[in-house]
There are 2 protein chains.
Amino acid sequence: MPRFTHPRLDDVPLDLALHALADPNRLGMIARLAATQQLSCTGAAPCDSIPKSTLSNHLKLLRAAGLIETKQAGREMINTLRRAEFDQRFPGLLDAVLANNLY
Amino acid sequence: MPRFTHPRLDDVPLDLALHALADPNRLGMIARLAATQQLSCTGAAPCDSIPKSTLSNHLKLLRAAGLIETKQAGREMINTLRRAEFDQRFPGLLDAVLANNLY
DNA sequence: CTAACAGTTCAATATTCCCGAACTATTAAA
DNA sequence: TTTAATAGTTCGGGAATATTGAACTGTTAG
């Protein structure tokens, strides 16, 4: 049974956060999550051509960067943006990224 | 003679810019360049343990991301931040990064 | 000239990323 | 109940990237 670990935002270094965002697919997912309240893993996918193992890895990375929270609900995993926490840790960063994200 | 190519900022995708910033050494260099008007390559180095070929590659990457401009002056290369242009292309991004950069 | 300097380029190694295959867990259907 | 389908994770090996020592280019100081 998958149990996810979510870092405290204080433990997330800036370069890790930037690295998590520095990918078109992950940017797409973050944009979707920002526009929606919560999404399943496949629901967060930026397109349907991306393999699910890859998708899973992207989400793991976003989790490790403190960007999303994942909890199990039935057989789905529900992902949500940790927006308030992330914004407090890195003020203005996510806003700037989302404002420029044309994906 | 090394002649550098600098992209138009319009041609720099967001994920490339983020990728360029998503590294502690490059963040250190950008912070230095933001604090100083111009720096040689070795002068921009975040520490002196980093090999110069690595340093050269980091600077090439920052150049490709539209973050810095490099021109030759004698036998040195003078690097400057393309701050105004970058800010116009990605409003608030560099500010957010520099504000959170503790390196 | 010659030597030293500032940095680039190249190529080999090390690291990271991607994705198919196999797996776990949960629920819907028969 | 089983059985099958769904939703996702994990693992491993090949592909792609990054790092860095060595050799090189171009510039200036002596």
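The model is predicted: local features need pLDDT of at least 70, side-chain atom pairs count only at pLDDT 80 or more, and totals for chains, interfaces and linings use all residues. Residues are numbered from 1 along each chain as its sequence is written, chains are lettered from A and ligands numbered from 1 in the order in which they are written, and side-chain values use heavy atoms, with hydrogens and water left out.

**Chain A and chain B**

Chain A and chain B each bring 20 residues to their contact (heavy atoms within 4.5 Å). The buried area, meaning the accessible area (1.4 Å probe) that two parts lose on being put together, summed over both, is about 1,500 Å², and carbon and sulfur atoms give 68% of that area. Between the two chains there are 0 salt bridges (a side-chain nitrogen of Lys or Arg within 4 Å of a carboxyl oxygen of Asp or Glu). The rule also finds 0 residue pairs in polar contact across this interface, with both residues at pLDDT 80 or more. A polar contact is a pair of N or O atoms within 3.5 Å; within protein, one must be able to donate a hydrogen and the other to accept it, and residues adjacent in sequence count only if both atoms are side-chain atoms.

On the side of chain A that touches chain B, at least two residues come from each of α1 (14–21), α2 (24–35) and α6 (93–100). Helices (H or I, at least four residues) and strands (E, at least two) are DSSP runs, numbered from the N terminus. The most is given by α1(A), with 5 residues.

**DNA strand D**

DNA strand D is surrounded by 22 residues, the closest being A:C41, A:T42, A:K52, A:S56 and B:H19. Here a residue is near if one of its heavy atoms lies within 4 Å.

| Protein atom | Atom of DNA strand D | Distance |
|---|---|---|
| A:R75, polar backbone atom | sugar or linking oxygen | 3.2 Å |
| B:H19, polar side-chain atom | phosphate oxygen | 2.9 Å |
| B:S53, polar side-chain atom | base oxygen | 3.1 Å |

Two or more residues of this surface come from each of α3 (41–44), α4 (52–64) and β2 (76–81) of chain A and α4 (52–64) of chain B. With 5 residues, α4(A) gives the most.

**Hairpin in chain B**

Strands β1 (residues 68–73) and β2 (residues 76–81) of chain B run antiparallel and are joined by 6 bridges; pairing requires at least two bridges found by DSSP. B:A73 stands opposite B:E76 in β2(B). The hairpin has 2 residues between the strands, and B:G74 takes a positive phi near 65°.
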